[in-house]
Amino acid sequence: MEDLRFDRQFRTPYSEGYHMMTGDSRLGSLDLHFTTTTVHCTLVLERQLDQDDLAKLIEQIDEDLVLSADVPRDDFLVSVYVGSEAGFFNDTFRADQEELTLGNEEEEDDIGEDDEDL
């Protein structure tokens, strides 16, 4: 694929994660997991690719990321999904949601007390 680049998001001793970019737009993301004999890839595309383009993409991932990792392997297994990002969540988001939930419960308690005066 033309102008495809892989922006690494994380690396551990046995895994790597990337966003795949074409120009300024994201094509998808992928996670690589290295075992002693096999490399597993989870590939999530944000748009459908035809079979030829998908095969070329997998070949490019293999050449640019897997083979360059210099990890011996017997097989490269790829699971491909097509979808879109629903959001990005972290601990701060969860804390904010819990704070909103607690605030709403307090408001409900206040409303219930007012109803008793009627």
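**View 1. Strand β3 gives the largest share of the lining of the largest pocket, five residues.** This is a predicted model, in which local features need pLDDT of at least 70, side-chain atom pairs count only at pLDDT 80 or more, and totals for chains, interfaces and linings use all residues. Residues are numbered from 1 along each chain as its sequence is written, and side-chain values use heavy atoms, without hydrogens or water. The pocket is lined by 15 residues. His19, Arg26, Ser29, Glu46 and Glu85 lie nearest its centre. Elements that give two or more residues to this lining are β1, β2 and β3. By class, the lining holds four nonpolar, seven polar and four charged residues. Here Ala, Val, Leu, Ile, Met, Phe, Trp, Tyr, Cys and Pro count as nonpolar, Asp, Glu, Lys and Arg as charged, and the others, Gly among them, as polar.

**View 2. The space in the largest pocket comes to about 210 Å³.** A pocket is an open set of points on a 1 Å grid over the protein atoms alone, where a 1.4 Å probe fits, with protein on both sides within 12 Å along at least five of seven lines; lining residues have an atom within 4 Å of a point. Its volume is the space filled by probe spheres set on the points, which are joined across faces, edges and corners.

**View 3. Five strands form an open sheet in the order β1-β2-β3-β4-β5, with mixed pairing.** The edge strands, β1 (4–11) and β5 (75–82), each pair on one side only. Strands are DSSP runs (E, at least two residues), as are helices (H or I, at least four), numbered from the N terminus. Two strands pair if DSSP finds at least two bridges between them. Along the sequence, the chain reads β-β-β-β-α-β-α.

**View 4. Strands β2 (residues 15–22) and β3 (residues 25–34) run antiparallel, joined by eight bridges.** Met20 stands opposite Gly28 in β3.

**View 5. The count of aromatic pairs comes to one.** The rings of Phe6 and Tyr18 have their centres 6.3 Å apart and their planes at 75°, so the pair is edge-to-face. Rings of Phe, Tyr and Trp (its six-membered ring) pair if their centres lie within 6.5 Å; planes under 30 degrees apart count as stacked, over 60 as edge-to-face and the rest as tilted. Phe6 is in β1 and Tyr18 in β2, so the pair ties together parts 12 residues apart in sequence.

**View 6. Phe6 is buried, at 17% relative accessible area.** Tyr18 is buried too, at 6%. Buried means under 20% relative accessible area, exposed over 50%, and partly exposed in between (1.4 Å probe, protein chains only). Of the 118 residues in the chain, 24% are buried.
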